[in-house]
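This report describes how the parts of one protein chain are packed together. Please keep the sequence and the three-dimensional view at hand while reading.

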Amino acid sequence: MARKGILSSETKAPAPPQERPTPKPSTAPRGAVGALQSSLTRLQENAVQDLDASLIDMAGVEDRLGVDDESQRKLEESLRTYGQQVPVLVRPHPSQAGRFEIVYGRRRLKALKAIGVPVKAMVRHLDDHALVMAQGQENTARQDLSFVEKASFAAQLDASGHDRQTIADALTIDLPMVSRMLKVGNAFDLTFLRKIGSAPSIGRDRWLTLAKLVQEPEAKSRAEEATTVDTFSDLTSDERFESIFKAANNRPAPQGACPGSHRGTHAAQPRRQSLGRGAAHTAWGIPEHIRSNGRRVRQMARHPRRRADERDSRPLASVQGVRH
């Protein structure tokens with residue numbers, strides 16, 4: 001078979017180049033790295049770190065209405081003796097690098113600042129919603145938060161724009177209970193509630209009654225005045241509530257009321273009755289002409305001999321007006 005020369009005119013057209021398939025990026029390394037990074041993040045969040053107390057700022061919603069000095073002193077003594085056993089929860093500060101914001105553990109943070117030791121803390125990256133949920137769940141687990149402290153917490157969440165379902169989830173309560181707590185929390189200023197304190201023995205019904213009372217401006221004014229008494233700060237939190245409740249419920253007597261008038265006694269003065277225009281009245285509201293005719297009838301009964309003479313001497317109209 002003859003070979004074709006390389007200069008032969010019958011040359012074969014070259015085949016079009018075939019497109020090589022683009023190799024797909026391998027996801028195995030990326031997935032492994034992502035899983036490793038997630039694991040490291042979780043380990044860091046669950047790891048307890050020692051932080052300088054001065055680098056931790058307050059954040060979230062205030063959940064306590066004042067701090068009892070005696071209980072705070074006992075907490076400081078316990079931390080000095082046994083150390084911090086339960087870490088606080090913080091998140092990185094959203095606008096200041098190197099600083100943190102407290103999520104829960106405010107009392108421990110204050111006590112640790114007072115004794116000057118580092119704070120054992122878990123650092124988690126939380127947005128505002130997650131912060132509220134974490135703080136609310138931790139509050140629910142604590143047994144020492146009173147009803148009014150939870151109501152104040154709910155009211156602050158409501159003022160911050162959180163919906164009622166979020167409040168219910170944060171406090172682990174149902175929506176009707178959220179409504180009751182908001183009635184109390186929104187009825188009082190936070191400053192006013194701080195003056196009373198936690199009132200641990202005062203339950204929901206008493207707070208709802210007080211919230212209804214202070215809807216009247218006069219009752220609210222009396223309640224605020226009760227906090228200005230010199231001995232108010234010497235009372236316990238429960239006693240401060242009772243003094244405010246008594247002041248709000250102490251309605252003044254209506255003007256013109258007789259001090260000695262009580263139900264079932266005769267000390268009340270009779271009302272003056274108006275029986276017609278131009279008529280002469282006595283203090284008992286009986287017209288004078290009726291009283292005079294009554295006196296005349298009694299006199300005639302005592303002196304029967306004079307009855308006929310007096311009856312004949314009286315005018316006819318007067319005789320017709322007397323009923324025997």
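## What covers helix α10

In this predicted model, the buried residues of α10 are covered by a set of elements that includes α8, α9 and α11. The residues of α10 (217–226) that are buried include Ala 219, Arg 222, Ala 223 and Ala 226. These residues lie on the same side of α10, because they cover an arc of only 100° around the axis.

## The largest nonpolar core

The largest nonpolar core has 40 residues, and those with the most contacts inside it are Phe 188, Trp 207, Leu 210 and Ile 244. The elements that give two or more residues to this core are α4 (128–141), α5 (147–159), α6 (164–171), α7 (175–185), α8 (190–196), α9, α10 and α11. The largest share, seven residues, comes from α5.

Trp 207 deserves a separate description. Leaving aside residues up to four places away in sequence, Trp 207 touches Phe 147, Val 148, Val 184, Phe 188, Leu 193, Ile 196, Ala 199, Ile 202 and Phe 241. A second, separate core has 16 residues, among them Ile 102, Leu 109, Ala 111 and Val 123.

## Aromatic pairs and their cluster

How many aromatic pairs does the model contain? With ring centres required to lie within 6.5 Å of each other, the count comes to four aromatic pairs. One of them joins Phe 188 and Phe 192, whose ring centres are 5.7 Å apart and whose planes meet at 10°, so this pair is stacked. Phe 188 and Phe 192 are buried.

The aromatic pair formed by Trp 207 and Phe 241 is tilted, with 4.7 Å from centre to centre and 55° between the planes. This pair links distant parts of the chain, since Trp 207 belongs to helix α9 (residues 204–213) and Phe 241 to helix α11 (residues 237–249), 34 residues apart. Are Trp 207 and Phe 241 buried or exposed? Buried means under 20% relative accessible area; Trp 207 is buried because its relative accessible area is 0%, and Phe 241 counts as buried because its relative accessibility is 0%. One aromatic cluster is formed by Phe 188, Phe 192, Trp 207, Phe 241 and Phe 245.

## Charged ends over rings

Phe 245, a member of this aromatic cluster, also has a charged neighbour: the charged end of Arg 206 sits over the ring of Phe 245, 4.6 Å from its centre. In another arrangement of this kind, the charged end of Arg 240 sits over the ring of Phe 232, 6.0 Å from its centre.

## The five-stranded sheet

Five strands form an open sheet of mixed pairing, in the order β1-β5-β3-β4-β2. The edge strands are β1 (49–51) and β2 (56–57), each of which pairs on one side only. Strands of a sheet pair through backbone hydrogen bonds, either parallel or antiparallel.

Strand β5 (residues 119–123) is mostly covered, with four of its five residues buried. On to the next pairing: β3 and β5 run in the parallel sense over three bridges, and the bridge partner of Val 88 in β5 is Ala 121.

Strand β3 (residues 88–92) also pairs with β4, in the antiparallel sense and over four bridges, with Tyr 104 in β4 as the bridge partner of Leu 89. Strand β4 (residues 100–104) is joined to β2 by two bridges, and these two strands run parallel; here Ile 56 stands opposite Phe 100 in β4. Why is β4 described as largely enclosed by the rest of the structure? The description applies because five of the five residues of β4 are buried.

Notes: Residues are numbered from 1 along each chain as its sequence is written. This is a predicted model: local features need pLDDT of at least 70, side-chain atom pairs count only at pLDDT 80 or more; totals for chains, interfaces and linings use all residues. Side-chain values use heavy atoms; hydrogens and water are left out. Rings of Phe, Tyr and Trp (its six-membered ring) pair if their centres lie within 6.5 Å; planes under 30 degrees apart count as stacked, over 60 as edge-to-face and the rest as tilted. Buried means under 20% relative accessible area, exposed over 50%, partly exposed in between (1.4 Å probe, protein chains only). A charge sits over a ring if NZ of Lys or CZ of Arg is within 6 Å of the ring centre and within 35 degrees of the ring normal. A nonpolar core is a set of buried Ala, Val, Leu, Ile, Met, Phe, Trp, Tyr and Cys residues joined through side-chain atoms within 4.5 Å. Contact means heavy atoms within 4.5 Å. The arc is that of the directions from the helix axis to the C-beta atoms. Two strands pair if DSSP finds at least two bridges between them.
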